[in-house]
Amino acid sequence: MKKSAKLLALVLALVMALSLFAACGSTSSSAPASTPAAASGSGTAAGPDISEEVTLTMYLIGDRPVDNDLVFEKINERLKEEINATIDVKFMSWSEYEQKYPLIFASGEDWDMIFTADWCFYNAQATKQGFWEITPEALETYAPMTAETMYPEAWEQAKVDGKVYMLPMNYQELTAYVWMARGDLMDKYGIESLDTFDGAEEYMQAIVDNEPSMIPLDVGSDYDRQFVFDLIWNVESNAKGEDNYAVLTPTNLMTCVGENDPEANVMSTLDTDIFMTTLNKVKDWRDRGFWSRNAVVNTQNNTESFQAGKSALAVMNINTAKSLYATLQAEHPEWDVRVFDAMNGAPATIQSYLANGMSIFSKSKHPERALMALDYLRNDEICHNLFCYGIEGVHWEAVGETGLKSLPDSVNYAYDSNCNWGVRNDKFWRTVEGGIPNSEELTETWKATARSGRYLTFVFDDSAVKNEVAAVSEIYNSDYKLLQLGFTDDPEGDVAKLKTKLEAAGVAALQDAFHTQALTFLESHPVE
Amino acid sequence: MKRKKSAFLRDLKKNRVKWLMLLPAAIVVILMCYIPMGGIVLAFKEYNYHDGIFGSPWVGFKNFEYFFQSGKAWSVTRNTILYNVAFLCVNTFLQITCAILLSELAGKWFKRITQSVMFFPYFISWVVVGAFIYNMFNFEFGAVNTFLRSLGMDPVDIYSNKAVWPFILIGVSAFKNVGYGTVMYLASIMNIDGQLYEAADLDGANMWQKIRHITLPGIRPTVVILFLLAIGTIMKGDFQMFWQVTGNNPMVLDVTDVIDTYVTRSLLQLQEFGMTSAAGLYQSTFSFLLVLLANKLVKKVEPDYALF
């Protein structure tokens, strides 16, 4: 009998035990807030009470940079002086964040702030009351600098059921995907450019044929399993001109709608005319061995494989490429790393502000102080620059007003790569000089085509169809994942099977809900 | 009532050392098994972090719908039961065979070393076993395929071949558990009265006859008890094993997904604590019924061996 104690029971035991502690915590936490400004301590009479020194725990995603502690020592010096608080940073790596992120909310662990984004559980945790609500009053009181500088659209986008739980980045971002390839191998096999899919194909084929110890493109992990599929999908969709599709978030429900369809007729991505073309392309690439036959059990993402020299090509967004490029130039100059546009003419997207942001845990003992700390990280040039670029003179040096040069030590704290994206601020933003040589050219191309998707700020309310969402997500994560990586021997048959499964899972009810909400959305967001 | 109570107290006093010995185990069971049972309420609630387990709103049986709607309930239940039955049969058979072989072997040192070597895998973590499997079977650089290629044969793609996974899983389960069970059966063989064997020798029984008529009947109580314990866990997949060894591979999920992995996967992906608790409760209820049933059966056939 004892043996039948289940894992679940254990987790529940932990959750329960810890929630008891957490409950104790939250009652005591209301105390400092309610004591009306003990008046001493802080100099400003009207400012919030900061007499008690606190340590705030901040969760970031990624691996701890070597010099993280040095940088945060400096940030903490500043914060201690200004708001009598210090930050202790914890990391969860890319390979496990999807699992760990939701669990720290339930674990009852004591922490205060976390990175979040529309692609990183913002809606899911906000609707489960995982985040502390940031009211306009709180913003005025505890984050006056943010209140002043926040883009009004960003504030609007962050609303979930009319309430804001996130400070979105103060930064306008273009997202586009690039290939990163090994120049030495390209020269060896006479490949000129990877700007087209044909070029990329030729390069990967050369690797398959001549480099048996390498996998051309090591995708398949949670991070990058849908990258290649999406790239091809976007090109196909773009080729349809006015009739292009917009995939609705959350993307794991596989729902899309004609971007310019006034009726907002939603459908499953499987039912679109471009699905089969896209699938056949990824299938072709997979059959030719461009990625591992075991890609679906990959735990390492393709940039890590590339960096370790195990693969010859990697796909990532331009911002990841910028910092990886700098690192690789320092570590492996002999690779002659080159970066190519992987968009193939599909428009770059102007990211929503929610693509990066910071939130406060609903059970934080010091939510007000956490808000103050975030205010400084975002709007205080010293804190912002330390967090985003590292220590001036050690990791980087300024070039003019808007540029910077990475110094050799930046391998220990790379530019814009410590999950600092949530505090990015246009006001202090600097771009790397001497980074990717064709960076300018790439940006020009994307700027010309960029558009912000019509349904970019569409938020799906799933409360009425939870069971359908659960059943459909399960299908996405098993069967659809296989298709995205081209794992099928009989595309037509597998797609038909998948459609039957989706029907059984109640996809019709789900699409009805999407349709109603999309129509409402169109009404409130008319085309300009 | 009063008399009963004093009887209990008297017993407590009389056997205080035994009660004391029971205490640590009892505490662990209460802490780890009984107290968390309160969490069952989650299955009937729409959980949110703020209100916690007990404060979240009730939703009745709504959480159970998803388990059946996803079309997975039947396939994961079937997998769980079939795998456990297979493990139970294969492992028990191998364990008894090994135990008898070892007991018949002369050579103390050889016996000791064999026993330790067999026991050793029990201590290897499933994560490590999962890594073994991956390094043996991965398509591009795995040991098996490297070997096949060196012989000029075609490589095999294990990770997308559904048919082989049940065998791999049964194999690794045996690899890890046979040694452990062997030691238990060996101990029970050692407990058999040596005089019985001497008497058999005098009667001119050969080795087979001794095994059939003395050893096997001698270890029957152990077999029954271990079998009963195993029945209780027949609805429970060895989570670590299924998760780590298959790498949560969607290609073969149809044949490797058990209730435990399904629950964990949906919890991680959906973060719907209520729904996954519902699936967990379904599993526990069935386990409980099975234990009752098995015990009843044993009671009918062999009243002395029933657990309660």
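At roughly what angle do the axes of helix α2 and helix α14 of chain A cross?

**Entry 1: ground rules.** I noted that this is a predicted model, in which local features need pLDDT of at least 70, side-chain atom pairs count only at pLDDT 80 or more, and totals for chains, interfaces and linings use all residues. Residues are numbered from 1 along each chain as its sequence is written, and chains are lettered from A and ligands numbered from 1 in the order in which they are written.

**Entry 2: α2 and α14 of chain A.** I looked up helix α2 (residues 68–83) and helix α14 (residues 367–379) of chain A; their axes cross at roughly 125 degrees and come within 11 Å. Helices here are DSSP runs (H or I, at least four residues) and strands are E runs of at least two, numbered from the N terminus. The axes are lines fitted to C-alpha atoms, for helices over the stretch in contact, with angles from 0 to 180 degrees between N-to-C directions. α2(A) and α14(A) are therefore oblique to each other. The cut-offs are under 35 degrees for roughly parallel, over 145 for roughly antiparallel, 65 to 115 for roughly perpendicular, and oblique for the rest. I noted the crossing of α2(A) and α14(A) as right-handed. A crossing is right-handed if the near helix is turned clockwise from the far one by less than a right angle, and left-handed if anticlockwise.

From α2(A), L79(A), E82(A) and I83(A) make the contact, and from α14(A), R369(A), M372(A), A373(A) and Y376(A). Two residues are in contact if their C-beta atoms, placed from the backbone, lie within 7 Å. I sorted the residues of this contact into five nonpolar, no polar and two charged. Nonpolar covers Ala, Val, Leu, Ile, Met, Phe, Trp, Tyr, Cys and Pro; charged covers Asp, Glu, Lys and Arg; the others, Gly among them, are polar.

**Entry 3: α2 and α15 of chain A.** I then took α2(A) with helix α15 (residues 381–389) of chain A, whose axes come within 9 Å and cross at roughly 165 degrees. α2(A) and α15(A) are therefore roughly antiparallel. Their crossing is left-handed. V71(A), K74(A), I75(A), R78(A) and L79(A) of α2(A) meet I382(A), C383(A), L386(A) and F387(A) of α15(A). That contact has seven nonpolar, no polar and two charged residues.

Entry 4: I found N84(A) in the loop between α2 and β2 (85–92) of chain A. N84(A) is not a glycine, yet its phi is positive, near 55 degrees. Most residues other than glycine have a negative phi, and most peptide bonds are trans. N84(A) counts as partly exposed because it has 17 C-beta neighbours inside 10 Å. The scale is buried for 20 or more other C-beta atoms within 10 Å of a residue's own, exposed for 12 or fewer, and partly exposed in between, with C-beta atoms placed from the backbone.

**Entry 5: the loop between β18 and β19 of chain A.** Which residue of this loop has a positive phi although it is not a glycine? I found C419(A), with a phi of about 55 degrees, in that loop. C419(A) is buried, because 24 other C-beta atoms lie within 10 Å. K427(A) is in the loop as well, between β18 (403–406) and β19 (431–432). K427(A) counts as exposed, because it has 12 C-beta neighbours inside 10 Å. K427(A) and N379(A) are 48 residues apart in sequence, and their C-alpha atoms are 8.5 Å apart.

**Entry 6: cores.** I looked up the largest nonpolar core and found 191 residues; V178(A), W179(A), M180(A), V315(A), A373(A) and V472(A) have the most contacts inside it. Its largest share, nine residues, comes from α17(A). Such a core is a set of buried Ala, Val, Leu, Ile, Met, Phe, Trp, Tyr and Cys residues joined through C-beta atoms within 7 Å. Not counting residues up to four places away in sequence, V178(A) touches M316(A), I318(A), A321(A), V339(A), F340(A), D341(A) and A342(A).

Entry 7: I counted 16 helices and zero strands in chain B. Buried residues make up 31% of its 308 residues. Its C-alpha atoms fill a box of roughly 85 × 75 × 30 Å along the principal axes.

I found 48 residues of chain A in contact with 48 residues of chain B. On the chain A side, α1 (7–34), α3 (97–106), α17 (466–484) and α18 (491–504) each supply at least two residues. That side divides into 24 nonpolar, 13 polar and eleven charged residues.

I looked up S70(B) in the loop between α4 (62–69) and α5 (73–104) of chain B. Leaving aside neighbours within four places in sequence, S70(B) is in contact with A470(A), A471(A), E474(A) and A505(A). S70(B) counts as buried, because it has 26 C-beta neighbours inside 10 Å.
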